[in-house]
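Trainee: I am new to this one. Could you walk me through it, a step at a time?
Mentor: Gladly, let us look at it together.

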Amino acid sequence: MLTLPNILTLSRILALPLLAFLLWWPRWEFGYGLAFALYALMAITDYFDGYLARSSGTVSKLGVFLDPIADKIMVATVILVLTAQGILTGPYVGDMHVIAGLIILVREIAVSGLREFLGGLQVSVPVSRLAKWKTTFQLISLGALILGAAMPWWNVDLLGLSINVPHTVGLTTLWGAAVLTLITGWDYLRVGLKHMD
């Protein structure tokens, strides 16, 4: 059970309270800088735990169980705290960006339930390439939003507005992730509907 990939996965879960604490103070730029560094480290372990497990042939049932859970609670934690602290706001549409975060959260819960249902029927649903792109967009968007709060001075003037570069990248890729979330969620749902009476 205590293989290196599983330890990396567990480290992501155990680091979440510290990440949430650092994100809780939106005007604490140094704290958000630390949060960005921690988040980036967690995202890197997300890649390496799977890579190491496959390359060393140490894929375990615990790892297969924990890895998607660690991903989902990391994304959910960051979205919820950033929403609570008013980070998911932007020009023109204000806090409507929260809808993109909500789409992601609803999809993750729905797909988890669907996977559990299909698992009881011995039906496996492999992760598609598009779903991996969705995860990549999520990781980039949330990281950029954290970085934007750590660097509020990184602004450019665009169409008469002063916009924060990483924050704008974060909001844009968050919507990209939401769109991919809907597409991949529908793909999972189509598979599930075939097995429902």
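Mentor: A word on classes to begin: Ala, Val, Leu, Ile, Met, Phe, Trp, Tyr, Cys and Pro count as nonpolar, Asp, Glu, Lys and Arg as charged, and the others, Gly among them, as polar. This is a predicted model, where local features need pLDDT of at least 70 and side-chain atom pairs pLDDT 80 or more, while totals for chains, interfaces and linings use all residues. Residues are numbered from 1 along each chain as its sequence is written, and side-chain values use heavy atoms, with hydrogens and water left out.

Trainee: By class, what does the lining of the second largest pocket have?
Mentor: A pocket is an open set of points on a 1 Å grid over the protein atoms alone, where a 1.4 Å probe fits, with protein on both sides within 12 Å along at least five of seven lines; lining residues have an atom within 4 Å of a point. This one holds about 250 Å³ of space, counted as the space filled by probe spheres set on points joined across faces, edges and corners. Of its 13 lining residues, the closest to the centre are P26, I87, G148, A149 and P152. By class, the lining has five nonpolar, six polar and two charged residues.

Trainee: Which helix gives the largest share of that lining?
Mentor: Helices here are DSSP runs (H or I, at least four residues), numbered from the N terminus. The largest share is three residues, and they come from helix α5 (residues 129–150).

Trainee: How far apart are the end C-alpha atoms of helix α1?
Mentor: The expected span is 1.5 Å times one less than the number of residues. For the 20 residues of α1 (residues 4–23) that gives 28 Å, and the model agrees, with its end C-alpha atoms separated by 28 Å.

Trainee: Where does α1 bend?
Mentor: The bend at a residue is the angle between axes fitted to the seven residues ending there and the seven starting there. In α1 that angle is about 40 degrees, with a proline, P17, following within four residues, and the bend is at L16.

Trainee: Is L22 buried or exposed?
Mentor: L22 is found in helix α1. Buried means under 20% relative accessible area, exposed over 50%, and partly exposed in between (1.4 Å probe, protein chains only). Because its relative accessibility is 7%, L22 counts as buried.

Trainee: Which residues does T45 contact, leaving aside neighbours within four places in sequence?
Mentor: T45 has its place in helix α2 (residues 29–56), and at 11% relative accessibility it counts as buried. Contact means heavy atoms within 4.5 Å. With those neighbours left aside, T45 is in contact with L8 and R12.

Note on methods. Helices (H or I, at least four residues) and strands (E, at least two) are DSSP runs, numbered from the N terminus.
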